[in-house]
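Please examine the structure shown below.

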Amino acid sequence: MEIVILAVVIAVVVIGALGGLVVGSRRKKRQLPQPPPTAPDITAPPAEPHVGEEAETPRDEPRRTVEEVDLPDGGTGPVAVEEPPAVEELEVPAIEVPEPTAGRLVRLRARLSRSQNALGKGLLTLLSREHLDEDTWEEIEDTLLTADVGVQPTQELVERLRERVKVLGTRTPQELRGLLREELLTLIGPDLDRTVRTEPEGRKPGIVMVVGVNGTGKTTTTGKLARVLVADGNSVVLGAADTFRAAAADQLQTWGERVGAHTVRGPEGGDPASVAFDAVKEGKEIGADVVLIDTAGRLHTKTGLMDELGKVKRVVEKHAPLDEVLLVLDATTGQNGLVQARVFAEVVDITGIVLTKLDGTAKGGIVVAVQRELGVPVKLVGLGEGADDLAPFEPEAFVDALIGD
Ligand SMILES: Nc1nc2c(ncn2[C@@H]2O[C@H](COP(=O)(O)OP(=O)(O)O)[C@@H](O)[C@H]2O)c(=O)[nH]1
Ligand SMILES: [Mg+2]
């Protein structure tokens with residue numbers, strides 16, 4: 001009896017040991033070809049961004065796979081020895097490498113699908129009708145107005161289309177598309193200078209101030225713009241001149257840290273102008289290429305706005321003139337956005353418009369309306385909440401996205 005039990009115990013031990021060996025060798029085989037978990041992960045482009053991202057901890061730590069975490073206990077060979085300690089890996093702040101800016105609008109064109117369906121496809125369908133009677137022209141007009149193109153530009157466009165369709169006689173879909181493309185482009189202004197001016201002649205740094213109503217996307221845009229500039233080889237200093245809430249400065253700083261840009265901030269409730277001043281001062285001292293100043297938009301009265309933004313501007317200009325004042329407008333707010341635009345334009349000299357949230361609206365026509373309203377070009381468009389979802393505005397790519405291929 002005892003012998004039997006002993007035999008069973010021995011058998012169990014032997015089987016267990018064999019099993020361990022098998023697992024062990026399998027593990028080893030799996031681990032050996034692993035590259036050391038260092039640089040490649042850190043420099044890889046950021047994963048596809050997600051909604052609500054900037055409200056959370058930045059995804060700036062390299063992801064550790066199961067295998068990497070496994071290594072120290074399982075590794076017996078040189079691979080395990082070479083691996084840097086996990087602690088060190090966490091302490092080094094991972095700098096992200098933003099995507100190149102060229103062709104971003106083309107990459108993000110699918111995000112314009114709402115505007116495409118409402119505006120581009122709608123217009124093409126209407127123009128393709130066999131009889132272009134008054135009712136149809138009225139529908140075309142309504143389509144444009146609904147997409148926020150604005151009354152005056154809509155009338156101009158319809159007039160041009162009527163003329164050209166008459167001349168055309170028979171219409172192939174291809175001809176119609178070409179015609180619509182040309183006329184929309186004319187409306188948007190293919191020749192306007194849309195460069196964000198960050199390289200003043202004969203001095204450094206370029207100074208950019210970002211203004212707009214709360215919630216339009218100023219801080220997000222400032223952060224995204226820092227990435228664009230870094231991607232293009234610039235060094236950037238951020239100024240958190242929205243001192244109303246500490247969280248606003250934190251939000252900006254988080255964006256900055258992801259690309260290695262320092263954020264100058266002041267005490268909560270402190271003077272926005274002095275933060276802006278200090279940011280430019282630091283930019284000068286360290287020889288930065290660009291200083292981006294994020295401002296507060298919580299001001300509800302025009303006098304309050306004038307006082308605060310006017311002062312920021314004046315104080316910064318003790319260093320040097322502002323090179324660019326970007327007004328951030330939320331494309332989903334439509335006509336309301338135009339009212340805001342008017343107020344800001346009275347307070348500061350807007351030099352460029354950033355239209356955010358074009359991914360969430362069918363009202364892509366606002367591009368036309370807001371340019372008309374301010375006489376200033378749309379320079380950048382926001383097409384999502386992700387870190388690299390800010391694109392230089394290219395009229396041709398935009399129109400192509402609207403009317404499809
Ligand atoms: N869908 C979408 N959301 C955006 C875009 N730009 C900004 N947002 C979101 O708008 C919200 C307000 O942005 P924030 O930068 O804090 O606005 P601020 O108050 O003007 O500084 C945030 O949730 C952003 O993620 C965009 O282009 N598309
Ligand atoms: Mg903000």
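D389 is placed in the loop that runs between β7 (378-382) and β8 (390-392). The model is a predicted one. Is D389 buried or exposed? Its relative accessibility is 3%, and buried means under 20% relative accessible area, so D389 counts as buried.

The side chain of D389 takes part in two contacts described here. With the side chain of R111, the side chain of D389 forms a polar contact at 3.0 Å. The side chain of D389 also reaches the backbone of G386, where the nitrogen atom is 2.9 Å away.

## The surroundings of ligand 1

Where does ligand 1 sit? Ligand 1 is found in the largest pocket. Around ligand 1 there are 18 residues, and the closest of them are G215, K218, T220, D359 and E385. Sorted by class, this shell contains two nonpolar residues, 10 polar residues and six charged residues. Which helix gives the most to the shell around ligand 1? Helix α11, formed by residues 218-231, gives the most, with four residues.

In the side chain of E385, an N or O atom is 2.5 Å from an oxygen atom of ligand 1. For T219, a polar side-chain atom lies 2.9 Å from an oxygen atom of the ligand. In the side chain of Q251, an N or O atom is 3.2 Å from an oxygen atom of ligand 1. On its own, ligand 1 has 590 Å² of accessible area, and the protein covers 81% of this area.

## Backbone features in loops

D148 is not a glycine, yet its phi is positive, at about 70 degrees. Is K357 buried or partly exposed? At 32% relative accessibility, K357 counts as partly exposed, since that class covers values between 20% and 50%.

## Residues of helix α15

Helix α15 spans residues 335-347 and includes A341. A345 is also placed in helix α15. A341 has a relative accessible area of 0% and is therefore buried. A345 has a relative accessible area of 32%, so A345 is partly exposed.

A341 and V213 are 128 residues apart along the chain, and their C-alpha atoms are separated by 9.2 Å. A345 and E373 are 28 residues apart in sequence, and the distance from C-alpha to C-alpha is 9.8 Å.

P98 lies in the loop between α5 (86-91) and α6 (104-107). Its relative accessibility is 8%, and P98 therefore counts as buried.

How many residues apart along the chain are P98 and R227? P98 and R227 are 129 residues apart along the chain, while their C-alpha atoms are separated by 5.9 Å.

Methods:
Residues numbered from 1 in each chain as written. Chains lettered and ligands numbered in written order. Predicted model: local features only at pLDDT ≥ 70, side-chain atom pairs only at ≥ 80, totals over all residues. Heavy atoms only, no water. Near = heavy atom within 4 Å. Polar contact = N/O pair within 3.5 Å; in protein donor to acceptor, adjacent residues only side chain to side chain. Areas by Shrake-Rupley, 256 points an atom, 1.4 Å probe, with all protein chains shown as cover. 1 Å grid on protein atoms, 1.4 Å probe; cavity = no way out; pocket = protein on both sides within 12 Å on 5 of 7 lines; lining within 4 Å. Sits in = over half its atoms within 2 Å of the grid points. Helix = DSSP H or I, 4+ residues; strand = E, 2+ residues; numbered from the N terminus. Nonpolar A, V, L, I, M, F, W, Y, C, P; charged D, E, K, R; others polar. Buried < 20%, exposed > 50% of the residue type's maximum accessible area, 1.4 Å probe, protein only.
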